[in-house]
Amino acid sequence: QVQLVESGGGLVQAGGSLRLSCVASGNIFRINLMGWYRQGPGNQRELVARLISNNNPDYQDSVKGRFAISRDNAKNAVYLQMNSLRLEDTAVYYCNARIQRRPQGPENSFWGQGTQVTVSS
């Protein structure tokens, strides 16, 4: 099986920074994509940022210029550096990875358990 474990959430004042980490472990042949989603109170889960490779990030418009996603392929890890945090960034942040567990096998989507980010005024 595959597990994604997130860390780094917490409480921060508006304008502050946090860095989220996510590490994938288990039966992994190749990770094709890693990314971050979030779900705020009363909202649907939405894409924050994702990486197919370190040269091709994809961001939600509201976080461009403030957040930066990166991967460490050797560690099966993805990170989200969040700067200039706003009240509206408050949400549960989820790590997502699309993983092949064997050569020529299908790609499956896996989710972490979520980590709370709360931005206060």
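The radius of gyration is taken over C-alpha atoms, and the globule rule I use is 2.2 Å times the number of residues to the power 0.38. I note at the start that this is a predicted model.

**Entry 1: the whole chain**

I looked up the radius of gyration. For 121 residues the rule puts a compact globule near 14 Å, and the chain has 14 Å, so the two agree. I then took the box along the principal axes, and the C-alpha atoms fill roughly 50 × 25 × 25 Å.

I listed the elements next.

Of the 121 residues, 42% are buried. Among the contacts with a separation of 6 or more, 56% are between residues 24 or more positions apart.

I also checked the surface and the charges. The chain exposes about 6400 Å², with 44% of it supplied by carbon and sulfur atoms. There are 13 positive and 8 negative charges, and their mean positions lie 6 Å apart.

**Entry 2: strand 1**

In a regular strand the side chains alternate between the two faces of the sheet. I looked for this in strand 1, residues 2–7. Val 2, Leu 4 and Glu 6 form the covered face, while Gln 3, Val 5 and Ser 7 form the uncovered one.

I then looked up the pairing. Strand 1 pairs with strand 3 (residues 18–26) in the antiparallel sense, over six bridges. Val 5 of the uncovered face stands opposite Val 23 in strand 3.

The covered face holds Phe 67, Ile 69 and Arg 71, and the uncovered face holds Ala 68, Ser 70 and Asp 72. Strand 7 runs antiparallel to strand 8, and six bridges join them. Phe 67 has Met 82 of strand 8 opposite.

The hairpin of these two strands has four residues between the strands, and Asn 76 there takes a positive phi near 55 degrees.

**Entry 3: the loop between strand 8 and strand 9**

This loop lies between strand 8 (77–82) and strand 9 (91–100), and I began with Ser 84 in it. Ser 84 is not a glycine, yet its phi is positive, about 50 degrees. Its relative accessibility is 41%, so I put Ser 84 down as partly exposed.

Glu 88 is in this loop too. With a relative accessible area of 56%, Glu 88 is exposed. I checked Glu 88 against Gly 40: they are 48 residues apart in sequence, and their C-alpha atoms are 8.2 Å apart in space.

Asp 89 is also found between strand 8 and strand 9. Buried or exposed, I asked of Asp 89? Buried means under 20% relative accessible area, and Asp 89 has 0%, so Asp 89 is buried.

Which residues is Asp 89 in contact with, leaving aside its neighbours within four places in sequence? I found Arg 38, Arg 66, Phe 67, Ser 84, Val 117 and Val 119.

**Entry 4: the loop between strand 9 and strand 10**

Last, I looked up Gln 104, which sits in the loop between strand 9 and strand 10 (107–111). Gln 104 has a positive phi near 65 degrees and is a residue other than glycine. Its relative accessible area is 80%, so Gln 104 is exposed.

Technical notes: Residues numbered from 1 in each chain as written. Predicted model: local features only at pLDDT ≥ 70, side-chain atom pairs only at ≥ 80, totals over all residues. Heavy atoms only, no water. Buried < 20%, exposed > 50% of the residue type's maximum accessible area, 1.4 Å probe, protein only. Contact = heavy atoms within 4.5 Å. Areas by Shrake-Rupley, 256 points an atom, 1.4 Å probe, with all protein chains shown as cover. Lys, Arg positive; Asp, Glu negative; His and termini not counted. Charge placed at Lys NZ, Arg CZ, Asp CG, Glu CD. Pairing = 2+ DSSP bridges.
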